[in-house]
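Please keep the view open as you read.

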Amino acid sequence: MYDTADNIVALATMAGKSALNIVRVSGKLSEKFYQQLTQTNSKPKPNYCIPKNIYCNASGMAIDHSMIIYYRGPKSFTGEDSLEIIVHGGSVIANQVVDVIINLGARMAGPGEFSYRAYLNNKIDLIQAEAIASIVSAENNMDSYYHLNTIKGVLSKKIISCNVEL
């Protein structure tokens with residue numbers, strides 16, 4: 001299905017006009033990508049949001065002043081080393097950041113690939129993965145409420161507690 005040895009990158013927010021966008025990265029090179037994007041030799045402190053300039057390695061020019069969160073696996077959504085880069089909105093900056101990360105050695109993530117990796121690394125089960133896909137397309141508060149509870153594991157726990165063989 002997907003090559004889980006690859007480093008992946010994708011826009012985690014909807015493209016278009018907005019105040020902010022989030023670029024998500026997952027894979028073994030996340031720490032190295034952090035150092036290259038920020039032009040620093042220091043290692044990022046896990047689970048802290050750090051304001052940093054993001055640079056294009058080819059030109060050396062600053063792309064944006066961003067907030068970056070580095071997650072060291074397994075303490076991340078995917079269970080792998082990951083980055084979340086919060087950039088200014090619109091599509092130009094986010095696309096530039098994604099392109100730079102691809103040029104550094106990542107590939108564009110496929111649909112649902114971050115959730116797939118979370119499933120493979122036992123961070124979520126299949127019911128939770130489906131709920132993530134569903135909450136994104138929820139059209140009312142009630143749907144959103146039930147999908148969120150499913151993401152939190154409420155339905156999975158109920159099924160397990162029934163101890164029913166299928």
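Does Glu-31 count as buried or exposed? At 15% relative accessibility, Glu-31 counts as buried, where buried means under 20% relative accessible area, exposed over 50% and partly exposed in between, with a 1.4 Å probe and protein chains only. Before going further, please note that this is a predicted model, in which local features need pLDDT of at least 70, side-chain atom pairs count only at pLDDT 80 or more, and totals for chains, interfaces and linings use all residues. Residues are numbered from 1 along each chain as its sequence is written, and side-chain values use heavy atoms, leaving out hydrogens and water.

**Salt bridges**

The structure holds 7 salt bridges, each defined as a side-chain nitrogen of Lys or Arg within 4 Å of a carboxyl oxygen of Asp or Glu. Side chains of opposite charge can pair when their charged atoms come close. Three of these pairs are set out here.

| Arg-107 | Asp-6 | 2.6 Å |

The elements named below are DSSP runs, numbered from the N terminus: helices are H or I with at least four residues, and strands are E with at least two.

Lys-43 is exposed at 59% relative accessibility, whereas Glu-31 is buried.

Arg-107 forms a salt bridge with Asp-6. Here Arg-107 belongs to strand S6 and Asp-6 to the segment before S1, 101 residues apart. Arg-107 is partly exposed at 25% relative accessibility, and Asp-6 is partly exposed with a relative accessible area of 25%.

Glu-80 sits in the loop between strand S4 (62–71) and strand S5 (82–88), Arg-117 in helix H3, and 37 residues separate them. Glu-80 is buried at 15% relative accessibility, and Arg-117 is buried with a relative accessible area of 1%. Salt bridges that share partners join Asp-6, Glu-80, Arg-107, Glu-113 and Arg-117 into one network.

**Around helix H3**

Helix H3 covers residues 113–120, and its buried residues are Glu-113, Phe-114, Ser-115, Arg-117 and Ala-118. They pack against strands S1 (8–11), S2 (20–26) and S6 (107–108), and against helix H4 (126–136); contact means heavy atoms within 4.5 Å. Just after H3, Asn-122 takes a positive phi of about 60 degrees.

**Helices H1 and H2**

Helix H1 (residues 30–38) packs with helix H2 (residues 91–104) at an angle of about 120 degrees, their axes 11 Å apart. Axes are lines fitted to C-alpha atoms, for helices over the stretch in contact, and angles run from 0 to 180 degrees between N-to-C directions. That makes H1 oblique to H2, since angles under 35 degrees count as roughly parallel, over 145 as roughly antiparallel, 65 to 115 as roughly perpendicular and the rest as oblique. Phe-33, Gln-36 and Leu-37 of H1 meet Val-100, Ile-101 and Leu-104 of H2.

**A surface loop**

Ala-15 lies in the loop between S1 and S2 and is exposed, with a relative accessible area of 57%. Ala-15 and Gly-90 are 75 residues apart in sequence and 7.1 Å apart in space, C-alpha to C-alpha.
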